[in-house]
Amino acid sequence: MNLSIPPSINYLTGRIDAEDIIRKKTTLGALKGVFSDETKRARSAQDQIIYHVEMLPAQHAEGELNFGVSHIEPGLIGDEFHMTRGHIHQRKEQAEFYFGSQGEGLLLMQTEQGEVSIEKVFPGSVHHIPSFVAHRLINTGNTRLSALAVWPAIAGHNYDFLDEIGFKVRIFKSSSTFKVVHVDEVDQ
Ligand SMILES: [Fe+2]
């Protein structure tokens with residue numbers, strides 16, 4: 001018998017406690033063309049971290065699963081909330097689960113046909129991202145948004161979808177909280 005202490009997570013902060021965590025930071029400088037106000041993005045501090053992902057060492061085998069957490073810092077680029085670049089899986093048929101940990105935000109999902117659905121993300125929320133659906137997290141709150149994720153190791157990430165189709169809606173700050181605007185109606 002082999003009794004050991006596995007990695008652990010603080011569900012209230014999304015902080016993973018493990019020896020060999022992989023961390024990937026995404027700065028504003030790496031998000032060219034992602035926000036609607038590209039001029040404002042280009043003029044803001046390029047080394048500002050918009051989000052970072054922590055994950056347990058990646059699995060590579062067919063049938064294996066990955067576990068990670070996305071942390072999106074609060075803030076705006078123009079009137080648009082901080083968000084992840086967003087992706088569809090390279091193996092598009094592979095699904096994923098997200099779990100809200102802290103903060104408040106939105107999960108934007110879009111089918112290949114351009115059909116959009118949006119779910120509120122909050123501590124304890126559970127999100128099933130089906131096959132063939134692109135996804136992006138948006139922080140609509142004043143504090144860090146953290147969401148846990150479990151996805152198939154073979155799923156991979158396809159970011160080219162952004163250039164080819166792109167998300168059809170954007171989320172802007174409004175007097176109440178946020179508003180959803182179709183890309184065709186965004187003032188350039
Ligand atoms: Fe994903």
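**Close-up views of a predicted model**

**View 1. Surroundings of isoleucine 138.** Leaving aside its neighbours within four places in sequence, isoleucine 138 is in contact with Phe81, Met83, Gly105, Leu106, Leu108 and Ile171. As in the other views, the atoms shown belong to a predicted model.

**View 2. The largest nonpolar core.** This core holds 25 residues, and those that touch the most other members are Ile72, Leu137, Ile138 and Ala147. At least two residues of the core come from each of the strands β4 (49–55), β5 (65–72), β9 (105–111), β12 (133–139) and β13 (145–152).

**View 3. An open sheet of six strands.** The strands follow one another in the order β3-β4-β5-β13-β8-β11, and their pairing is antiparallel. At the edges stand β3 (22–27) and β11 (126–129), each of which has a single partner strand, so that one side of each is left without a neighbour in the sheet. On average, and with direction ignored, neighbouring strands of this sheet are turned by 20 degrees against each other.

**View 4. The pairing of β5 with β13.** These two strands run antiparallel and are joined by eight bridges. Among the residues involved is leucine 65, whose bridge partner in β13 is proline 152.

**View 5. Leucine 162 in helix α2.** Helix α2 spans residues 161–164 and includes leucine 162. Leucine 162 counts as partly exposed because 17 other C-beta atoms lie within 10 Å, whereas a buried residue would have 20 or more and an exposed one 12 or fewer. When residues up to four places away in sequence are not counted, leucine 162 touches Arg85 and Gly86. Valine 181 is 19 residues apart from leucine 162 along the chain, and the C-alpha atoms of the two are separated by 17 Å.

Conventions: Residues are numbered from 1 along each chain as its sequence is written. This is a predicted model: local features need pLDDT of at least 70, side-chain atom pairs count only at pLDDT 80 or more; totals for chains, interfaces and linings use all residues. A nonpolar core is a set of buried Ala, Val, Leu, Ile, Met, Phe, Trp, Tyr and Cys residues joined through C-beta atoms within 7 Å. Helices (H or I, at least four residues) and strands (E, at least two) are DSSP runs, numbered from the N terminus. Two residues are in contact if their C-beta atoms, placed from the backbone, lie within 7 Å. Two strands pair if DSSP finds at least two bridges between them. Axes are lines fitted to C-alpha atoms, for helices over the stretch in contact, and angles run from 0 to 180 degrees between N-to-C directions.
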